Structure formats: structure tokens, C-alpha cells
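Subject: Structure for your files

Dear colleague,

Here is the structure I said I would pass on.

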Amino acid sequence: MLTPSDRVVVRDLASSDEVEIVTSPAPTDYASPSAVSWAGYSDSGALFALTVDGDLRAIDPAGSSVLQDHPVVASAVDGFPVGVLGESVLVNVTGDEGAVELFSIDTTTGDRSLLASSERFFDIGVDPESGAVLAAGFGEITAEAGAPVTVLEVPDGWFVSALDW
């Protein structure tokens, strides 16, 4: 669970026990390099957090209570994570004039792979079994060959505001 931008809180739903992992130095505002901008977890229970400085870290709730003590699995992440698929974090990068690219960042190697792109906005959902699900009513989405991506057909001019599983 993402709380204020200075911490990640992990709660055991069975016991209600919580572990807080705080950033250091404490951010002074939402744009501070150490501020937490995203946290997510995989189906296997792996936990990840992205800070404003672009470092994506693998979090061990039993480890240090300081976020920066956890290993960086990818640096210079310049987009916004939309979910975790297997051992990869899916990252949405918005470019000039609304162009969008969807990348996969392998959390074991840090390698980035382009999954899909479009000259216009598309919405993204993550299905843990089949991969990324994309939809756009304005422009064509190009999925890379073999990428775990499903593109939904949407009538031209329709707007998709959210995809969720």
C-alpha cells in the first residue's frame, strides 16, 4: 500500500501486522528524488517500489526499514509503472504529442523490452494470466511480435478511461 510519499507500508492481511519502509532522506515534497512514486507487487508476492529519481527497487519486508537499503533492479526508469507481470514491471512512457510506449522491465536483469506503441494515448490493464491488455479509440496500437499483449478492438472515436482486473 502506498501512503504518503515517504514510505511503503506492507500489511499482512491475515494478522494485520504492518511493516513500514521509509525513504532516506525524507522527501521535502512530491518531486524530491527520494519520494516514492509507485509501489506494486507480483502474484508471487514480490514487492517493488519506484522513487522519483527513477530507481526501481525490490523490497524485502523482512529486510531493512530504509527503502534505499534495498537493491535497485533498474535505474533511470522514465515512465510510470502500470503493474507487475511475472518477474517484470510494465512501464508506460508518454512521449511527444501523446505518443505512448509500453515497456517491460525484467526485475532480475534490469533489461527493458518494448511491448507496444502508439502515436496516441492508449489505456493499459494487466491480466496476470495473459499479459497487458490495451485499448484505444484514437489511433492504432502496434504490439511487438511475441509480446504478452492483447489489443482490444474499440470503435474509432470512443474513449477508454480504465481497464482493470
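Overall picture

Please keep in mind that this is a predicted model. Its average pLDDT is 88, and 96% of the residues score at least 70. Among the elements, strand S11 (residues 123-127) has the lowest mean pLDDT, at 87, while S6 has the highest, at 96.

The protein has 14 strands and zero helices. Written from the N terminus, the order of elements is therefore β-β-β-β-β-β-β-β-β-β-β-β-β-β. The radius of gyration is 17 Å, close to the 15 Å that the globule rule gives for 165 residues, so the protein is as compact as a globular protein of that length. The C-alpha trace spans about 50 × 35 × 30 Å along the principal axes.

Of the 165 residues, 41% are buried. The protein exposes about 9,100 Å², and 51% of that area is supplied by carbon and sulfur atoms. Taking the contacts between residues at least 6 apart in sequence, 33% join residues at least 24 apart.

The S3-S4-S5-S6 sheet

Four strands form an open sheet in the order S3-S4-S5-S6, and their pairing is antiparallel. S3 and S6 are the edge strands; each has a single partner strand, so one side of each is left without a neighbour in the sheet. On average, neighbouring strands of this sheet are turned by 30 degrees against each other, direction ignored.

At the S6 end of that order, strand S5 (residues 56-59) is joined to S6 by two bridges, and these two strands run antiparallel. Arg57 has Val72 in S6 as its bridge partner. S6 is also the element with the highest mean pLDDT.

Backbone details in the loops

In general, most residues other than glycine have a negative phi, and most peptide bonds are trans.

Ser16 sits in the loop between strand S1 (7-11) and S2. Its phi is positive, near 70 degrees, and the residue is not a glycine.

Further along, Pro25 belongs to the loop between strand S2 (18-22) and strand S3 (36-41). The peptide bond that joins Ser24 and Pro25 is cis, with omega about 0 degrees.

Ala76 is found in the loop between strand S6 (72-74) and strand S7 (80-85). Although Ala76 is not a glycine, its phi is positive, at about 60 degrees. Is Ala76 buried or exposed? Its relative accessibility is 58%, and the cut-off for exposed is over 50%, so Ala76 counts as exposed.

After the strand S14

Asp156 lies in the segment that follows strand S14 (149-152). With a relative accessible area of 72%, Asp156 is exposed. How far apart are the C-alpha atoms of Asp156 and Phe138? They are separated by 5.9 Å, and the two residues are 18 apart along the chain.

That is what I have on this model.

Regards

Definitions and conventions:
Residues are numbered from 1 along each chain as its sequence is written. This is a predicted model: local features need pLDDT of at least 70, side-chain atom pairs count only at pLDDT 80 or more; totals for chains, interfaces and linings use all residues. Side-chain values use heavy atoms; hydrogens and water are left out. Buried means under 20% relative accessible area, exposed over 50%, partly exposed in between (1.4 Å probe, protein chains only). Two strands pair if DSSP finds at least two bridges between them. Axes are lines fitted to C-alpha atoms, for helices over the stretch in contact, and angles run from 0 to 180 degrees between N-to-C directions. The radius of gyration is taken over C-alpha atoms; the globule rule is 2.2 Å times the number of residues to the power 0.38. Contact means heavy atoms within 4.5 Å. Accessible areas come from the Shrake-Rupley method with a 1.4 Å probe; for residues, only the protein chains shown count as cover. pLDDT is the predictor's confidence in each residue, from 0 to 100.
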